[in-house]
Amino acid sequence: MRRRRAFTLACALALVLALLALPTPLLASSTPSRFSQPVEPVQEVFYVVESGDTLFSIARRYGTTVSAIADANRLEDPARIYVGQRLMVPLGDFQGIEPPHTLPYQVQFAEGLADIALRHGTTWRALSQLNDMVSPDVLYAGKTIQVPATEGGRVEAALHFTQPHDTLLGVALRHDVPPMRLSMANRSGSLALMYPGQRVLIPGETERIVQPPLLSARVDPAPALQGETLVISVRATHLVTVTGELFESPIRFFEEDGVHYGLVGIHAFTDPGLHELHITATQNGGSSTNIGGRLLVQEGQFGYERIQAPPGLLDPAVSAAENDLLDRLRPTFTEPRKWSGTLQRPGDGTISSHFGTRRAYNDGPYAGYHGGVDLRGSTGTPVYAPAAGTVVLTEDLIIRGGALMLDHGWGMLTGYWHLSEIEVELGQHVQQGDLIARIGNTGLSTGAHLHWEMWIGGVNVNPMQWLEPFHPWPEGW
Ligand SMILES: [Zn+2]
């Protein structure tokens, strides 16, 4: 009850503040030129690399240069791009090149063709014709479709459903948008005829309502790759409990500033293709709302490695006992989240073996895969914490050698194997960049290196994804 009163007060205060501030946005936006172009021109587009693409072909298509794309994405080697990679492509001036009539658009989770059409000032019929769609059922999160580029491409606008007694002015005030701009964005002379549940585009916002009380549900990245981390962020209009299911496993959600976050580790052997994601929001009264959608998981580009190892170390009893010890830590979910933004590389060394590489020992079959990345480094080289966390394992193991694990909260754990020294103690809290260990050649290892792995919800994922500009955590994008 107290919470509701506080909410009402906050709303009243916001209204007063908005009224006080009202003349400014109205004045500022009274220039006709601003209203005649309610759609801002697009400066850049997101592009997901497809089979056969090169940076040169992408650059040419969008009137820009290879180095501009490489710079925008901090690409170490512009010659190495991979299918499914997400790139920010700055749009060039198309000198001597015909500008594209359409631009790629990534379908969001639980988004329909009508929603996308509204956001791009077109109709679902036009979109389905443009994309040769026989049925809107073929939409899924992460699918790239073409949308008209003629009006400046993507509209930065959110889709909202009006509430009973909403008025144009009320909605404009609530979202801090000049009423005229709101009216223009919705291509209606007047939004006076508002009815509950009417779809209204709010310019300048990027969220969209999926289904009340669910304000928005995002899945990043989409499409996803085998061995990646998926972050699901859900916002609601009321206090709700959020649960979910993907890959037939429940998703644990953690709430922070009104956003419910669920982190999912996609196993390196998850079947590529479409998977159903279900999200349920349950209100205090017990009533619940379900939304579902499909998500594309693409095949990771994993290599193959054959490793020669002394037979004694491959004794199944030895590895089973060691795996059991680690498996006890897999269901670790602690609060709060201790990382923020991009993670830091734990060592300077370059990669000698990538995550997900299919592995065979001696003459055996390719039955396993590499659950982490190997970074080059000589014995004694410092290892630094990639993010803040708590030390949850310090052991001397037969296969993994000197082993250390950090818990970063919300089901994110990182592990460091084959260490020569461990510089921290069990239970110790470390900050990002703290010295935690030193590289070694202990356990089942054929030379000094750092094996770095990451678990999300108990599933091994590629930690390198968390070092990239498009790391899964929405902060700092
Ligand atoms: Zn390794």
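## A tour of strands and core

Select strand β7 (residues 214-220) and strand β9 (residues 229-236): the two pair in the antiparallel sense over 6 bridges. Helices (H or I, at least four residues) and strands (E, at least two) are DSSP runs, numbered from the N terminus, and two strands pair if DSSP finds at least two bridges between them. This is a predicted model, in which local features need pLDDT of at least 70 and side-chain atom pairs count only at pLDDT 80 or more, while totals for chains, interfaces and linings use all residues. Residues are numbered from 1 along each chain as its sequence is written.

Within this pair, pick Ala-217; opposite this residue in β9 stands Val-234. Now colour β7 by burial: 7 of its 7 residues are buried. A residue counts as buried if 20 or more other C-beta atoms lie within 10 Å of its own, as exposed if 12 or fewer do, and as partly exposed in between, with C-beta atoms placed from the backbone.

Next, show the largest nonpolar core, which has 70 residues. Such a core is a set of buried Ala, Val, Leu, Ile, Met, Phe, Trp, Tyr and Cys residues joined through C-beta atoms within 7 Å. Among the members that touch the most others are Phe-109, Val-219, Leu-295 and Tyr-416. Strand β24 gives the most to this core, with 6 residues. The core lies between domain 1 (216-298) and domain 2 (304-467), because both give residues to it; these bounds come from an automatic or database domain assignment.

Centre on Leu-295. Leaving aside residues up to four places away in sequence, Leu-295 touches Phe-109, Tyr-140, Ala-141, Gly-142, Val-219, Ala-222, Ala-224, His-275 and Leu-277. Contact here means C-beta atoms, placed from the backbone, within 7 Å.

Move to strand β26 (residues 435-439). Here 4 of the 5 residues are buried, so β26 is largely enclosed by the rest of the structure. Strand β24 (residues 412-422) pairs with β26 in the antiparallel sense over 3 bridges, and Glu-421 stands opposite Arg-438. Strand β21 (residues 382-384) also runs antiparallel to β26, joined by 3 bridges; select Tyr-384 to find Leu-435 opposite.

Last, select β16, β18 and β19. These 3 strands form an open sheet in the order β16-β18-β19, with mixed pairing. Its edge strands, each pairing on one side only, are β16 (304-307) and β19 (368-369). Strand β18 (residues 358-361) pairs with β19 in the antiparallel sense over 2 bridges; in β19, Gly-368 is the bridge partner of Arg-359.

Conventions: Two residues are in contact if their C-beta atoms, placed from the backbone, lie within 7 Å.
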